[in-house]
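Trainee: I have the structure open and would like to go through some of its side chains and its confidence values. Can we take them one at a time?

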Amino acid sequence: MSNPIGRNVTTSQTYSSNDVLSLVRAWRDPDTKEVLGVILIDLRMDMFKKIFENLQLEKSGFIYILDKNGEIVYSPVNSIVYRIRQEWLQDNPSVTKEIRGHDYRILYNDYEAYHWKIIGVIPNDDYRRVVMDLRTYTFIVTIITLVLASLAATYFTETIIRPVRKLMRLMRRVQSGDLNQRFVSETKDEIGQLGHSFNHMVEEIKNLINLVYMEQKKKREAELQVLQAQIKPHFLYNTLDTIQWMAQEYKADDIIEIIGALTNLFRIGLNKGYELISIREEVKHAESYLIIQMSRYMGKMEFEMDIPEEVKRYHILKLVLQPLIENAIYHGIKARLGKGRIRISALLHQDTVRFRVEDDGAGIKPERLEEINRVLRGEEKRSEEAGFGLFNVNERIQLTYGIAYGLRVYSEYGKGTTVELIHPIVHTKHEEVTNHVEANDRGR
C-alpha cells in the first residue's frame, strides 16, 4: 500500500501515511490454510530516498515508482512527475515527450514482484550530452589504441626487419667478394640461427676458395716440375755445345747463331727451377726466340726491342714475353700479306712495369677481341678451342699477384694488335714475390 490512509493500526512511531510504504501479508496455517493473522511492515520513504539519490541520471534526471493502480510509490520532489501521463507508458519502454517546453526521455521497466513501474526521466539535453561524451570518449580511446597499436607494431616489426636488413647487407658484401663479413646477433631466435648459418656458410666458402687456390697453385708447380724434369739440362747443353762446335768446324755462322739462341732459350727457361728471373734475362730469352723464328720466317718479319736499362734491373715471372711474341707471329704476322714488324717495349708506371708487344699483322675482329678481354678479366670461361698462351700468362700473373695485374689486348682489324702486360715492380727474386703472394692471399 503506497498510501496507507485510514488504516486502523496504532504504532509506537509518530509519522504520517505519506512517510511510509506498507507491506501486508496474510499469515495462514500450513495445513488448513486458515488465516491466522496479518503481518504488516512499514518501510520509511527515507530508505528509497537514500537508494535513488545514489542512482544519478545525469545532472537533472531522476527516478520514481508507480504501483499497479498508477499511484506514486516513491518520487523525489520534482514538478515534472505530475505532468507525465500514464498512457505514455503503455507500449514503448522508451519515449520522448515535451514537458513545459523541454524534451524528456522517459524510460520505464516493470517490477513484477510488486506490480510496480520503475520510471527514469532524463532531459534530452543531458541525454544528448551523454551520447556525445560517449562518442568523444570512444573516439579518443580508439585513436589512442590505434597509436599504441601502431607503435607496438612498428617496434616489433623493426626488431625483426632490422637484423634481416643487416643480414642482407652482409650478403651483398659477400656477393661482391668480401668474405670477411660476419653476422653478430645477441639473440638465439630464428634470426640468430639464420645469422649463425650465414657465418658458417661464408667460412666454408672461404675455406673452399683457399683450398681450390692452393690446389691450383700446387698443380701449376707440379706441371712446371714435370716439364722441367722432362728436359735434362746438362745433357741438353752438352749436345747443343757439340752441335755448335761441329758448325764452327764447317764455318756455318747461321747455324751457330741459331744454336746459341736455342741454348739461351733453354737455359733461361729452366732458370734452375726458380719462378722469377731478371727482366734482362727475360728480354734475352725473348730475343733468342725471335732469332730462331727469324731464321724460319726469313724475309717475312723483323723486330725491334725498346727496353730501358732502368727496367732491366727488376725481376719478373719467367716465360711471359715469349708466348706474347709467339701469338703475334702466328696470329698476326703470319696471317698478313708481305713483311711484318714486331715491336717489344717497356716502361715504369707508378708501382708497375708495363710491357707492350705490338705487331702490324692481321688484327682481331671486334667481337673476338671483346671475348678475349672478357676471359682475361675473369668475366667468362675460356673455350676449349681458344688459344692457350695469352690466357696461361694472364692466369700465372693473376694467381701470383692478383687480378689488378695481367694482360690487356687492343686491336684494330686489318691493322695490327697490341698486347699490354702489367706486372708489379719486383726488386729481388725471392723475398718480393713471397711478399706479393702473401698480400694477395690476404686480399682473397
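Mentor: Start in helix H9 (residues 366–376), where glutamate 371 and arginine 368 are three residues apart and therefore separated by about one helical turn. Bear in mind that this is a predicted model.

Trainee: What is the N to O distance in the salt bridge between glutamate 371 and arginine 368?

Mentor: Glutamate 371 is partly exposed at 24% relative accessibility, and arginine 368 is partly exposed at 29%. A salt bridge needs the nitrogen within 4 Å of the carboxyl oxygen. The side chains of glutamate 371 and arginine 368 meet with an N to O distance of 3.3 Å.

Trainee: Which residue forms a salt bridge with glutamate 380?

Mentor: Glutamate 380 is partly exposed, with 31% relative accessibility. The closest N and O atoms are 2.7 Å apart, and the partner is arginine 374.

Trainee: How many salt bridges are there by this rule?

Mentor: Another of them pairs glutamate 370 with arginine 377, at 3.5 Å from N to O. Glutamate 370 has a relative accessible area of 36%, and arginine 377 has 44% relative accessibility. By this rule the count is 18.

Trainee: Is threonine 418 buried or exposed?

Mentor: Threonine 418 belongs to strand S14 (residues 416–424). Leaving aside neighbours within four places in sequence, its contacts include Arg356, Val357 and Tyr410. Buried means under 20% relative accessible area. Threonine 418 has 12% relative accessibility, so it counts as buried.

Trainee: Is tyrosine 137 buried or exposed?

Mentor: Tyrosine 137 is found in helix H2 (residues 124–175). Together with residues including Phe139, Ile140 and Leu151, Tyr137 makes a nonpolar surface patch of about 900 Å². The cut-off for exposed is over 50%. With a relative accessible area of 53%, tyrosine 137 is therefore exposed.

Trainee: What separates the C-alpha atoms of glycine 70 and glutamine 86?

Mentor: Glycine 70 is in the loop between strand S3 (62–66) and strand S4 (72–74). Glycine 70 is partly exposed, at 24% relative accessible area. Glutamine 86 is 16 residues apart from glycine 70 along the chain, and their C-alpha atoms are separated by 7.3 Å.

Trainee: Which element has the lowest mean pLDDT?

Mentor: The protein averages a pLDDT of 80, and 82% of the residues score at least 70. Strand S12 (residues 352–359) has the highest mean among the elements, 96. The lowest mean, 46, belongs to helix H11 (residues 431–443).

Key. Residues are numbered from 1 along each chain as its sequence is written. Side-chain values use heavy atoms; hydrogens and water are left out. pLDDT is the predictor's confidence in each residue, from 0 to 100. Helices (H or I, at least four residues) and strands (E, at least two) are DSSP runs, numbered from the N terminus. Buried means under 20% relative accessible area, exposed over 50%, partly exposed in between (1.4 Å probe, protein chains only). Patches are made of residues with over 30% relative accessible area and no salt bridge: like charges are joined within 9 Å, nonpolar side chains (Val, Leu, Ile, Met, Phe, Trp, Tyr) within 5 Å. Accessible areas come from the Shrake-Rupley method with a 1.4 Å probe; for residues, only the protein chains shown count as cover. Contact means heavy atoms within 4.5 Å.
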